Amino acid sequence: MHKCWAGDDQPVFVLAQKKKIRVGLAAGGRFANTECARWFDEKTGKAMNPIIVARCHVRNTKHHARMAKIANSTANLNISIQKLLMEAEEYVGKRMNHKLSSLEKKVHFKIASRQWGYVSTLEDTGVALIRGGKTGLEGYEDMDHIGRNDHVMTVSARMQQELLRSQNPNIHPCSKSIGEGCDRLVVDGYHPFIIDHLKPGLDIKLNKSVCRVEVKDPKEGNANLGDSDYWTSNPANITRAKSIHVTYRDGSLYRCQYVICTVPLGVLQSKSEYSKIEWIPKLSSMKRECIDNMGMGTHNKVVMRFKPNDVFWDADTPQLLSPDPRFHFLNLHAYGKIGMMLCHAWPPYSDTWATKTDKQVLGDALNVLRGMFRKNAAAKKFPKPCETVVTRWNTDPFSMGSYSYMPPGAGWDHLQVLALPHPEVGEPRVFFAGEAMSVKGYQCVDGAYESGERAGLGLLKCYGIEVKTSKSKRKKKKKGGKK
């Protein structure tokens, strides 16, 4: 659960406090989860020198500064993060008179990939992600004392202190007084938290796949329907109340007055015959162009549960890494989930899972984890997990990816266009929500939640109903004093 984009007003964070959801502090945002981690060489099983890891993070920060300077000096969006990074590496390397070793290149690539990529390769990630306002790093790439041995040692010491603080995370009811701007791990999952909070009173139809949404004009064929009848919210106005026809793949039909569409971007992109939706009338050319130009990426996971006595990794540290670019291990055992290890998998490796069995994917992840802790794993006779889950978001027809990203050519305005209702001229009838429709919470659960609130408020406006959000109430209270 992120708390990075709106501080105390982040809606999911506000709800978590209200519900007293159990959380543990987690390193997140930019490259905190690679800084606040223990690194091991999966080929030797030895802990990596913290100085090497610190130097790579310092170097990466200098690259960031240079990349931002280049990105903000051009209006061209058709540039990849990879191209910017290569230019920055060359500039900073010459400035520092330092050439990365083969091991440092692997560590640096992993850091940069986690900072910018997540669900996309650096080649397929656009410059819009780094363009914008001040970074706080202006001129950083030209500060020659940054990156010298004494500075790297200082950074390394700070990173080790943060690493020690992160160990054995305290599980507590969510509170803004604990952890300040840190991310949180929702220990018991989102289902009893958000889903159970939202579903009361709803008529949820399961196993229903929508194949067509047809928006009809209520006045069509009803010449005697006056404006007062057209706009009334009276349930007796049957013509208007049933003017949108939603058709399911099983042939059944649902009629309604408005629609809030929350399908993932991959479904809007019609990537699967089992989930694509026909829109009548068609979505605007501008919206269709933005849908096509955005990317839907692949961030898959392997969840493993071992017997309590079979835990062979560092049991107290949440973030465990190696130079292997495919995996990032989050130790759920440290958060009280006994014997559990979560393995994040990134592109391009995660894109290949369609050609691999669960057993093969699990084998790849286990080989790296065992390599990182080979002495302990061997002592316990290389235990196997008793339960596993392998996600396949990129081939799930009702997702077709994990979450969105901006490829070269795409920008933040694409997200704003995606959020526009349909039709874009006249009365809005279909509203859109999801992480790809949120600038503030892009790629995150809080973005999906925030955009859902926005869509709901837009629908209510069509009935002439103005609702004050909890956020606006807090602002009013702050401005006017105590109430």
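Colleague: What are the ground rules here?
Modeller: The model is predicted: local features need pLDDT of at least 70, side-chain atom pairs count only at pLDDT 80 or more, and totals for chains, interfaces and linings use all residues. Residues are numbered from 1 along each chain as its sequence is written, and side-chain values use heavy atoms, with hydrogens and water left out.

Colleague: At what angle do α1 and α15 cross?
Modeller: Roughly 95°. The axes of α1 (residues 11–19) and α15 (residues 445–462) come within 8 Å. Axes are lines fitted to C-alpha atoms, for helices over the stretch in contact, and angles run from 0 to 180 degrees between N-to-C directions. Helices are DSSP runs of H or I, at least four residues, and strands are runs of E, at least two, numbered from the N terminus.

Colleague: Which residues make the contact?
Modeller: Pro 11, Val 12 and Leu 15 of α1 meet Val 445, Asp 446, Tyr 449, Glu 450 and Glu 453 of α15. Contact means heavy atoms within 4.5 Å. By class, that is five nonpolar, no polar and three charged residues. Ala, Val, Leu, Ile, Met, Phe, Trp, Tyr, Cys and Pro count as nonpolar, Asp, Glu, Lys and Arg as charged, and the others, Gly among them, as polar.

Colleague: New topic. What is the strand order in the six-strand open sheet?
Modeller: β2-β12-β13-β14-β11-β15, with mixed pairing. Two strands pair if DSSP finds at least two bridges between them.

Colleague: Which strands stand at the edges?
Modeller: β2 (38–39) and β15 (387–390). Each has a single partner strand, so one side of each has no neighbour in the sheet.

Colleague: How many bridges join β11 and β15?
Modeller: Four, in the antiparallel sense. Strand β11 covers residues 300–305. Met 304 stands opposite Thr 388 in β15.

Colleague: Which residues line the largest cavity?
Modeller: Among them are Trp 116, Ser 120, Tyr 405 and Gln 443. The lining has five nonpolar, four polar and no charged residues.

Colleague: Which element gives the most to the lining of the second largest pocket?
Modeller: α6, with four residues. The lining has 24 residues, and Leu 25, Cys 36, Glu 162, Ser 166 and Cys 182 lie nearest the centre.

Key:
On a 1 Å grid over the protein atoms alone, a cavity is a set of points where a 1.4 Å probe fits but cannot get out, and a pocket is an open set with protein on both sides within 12 Å along at least five of seven lines; lining residues have an atom within 4 Å of a point.
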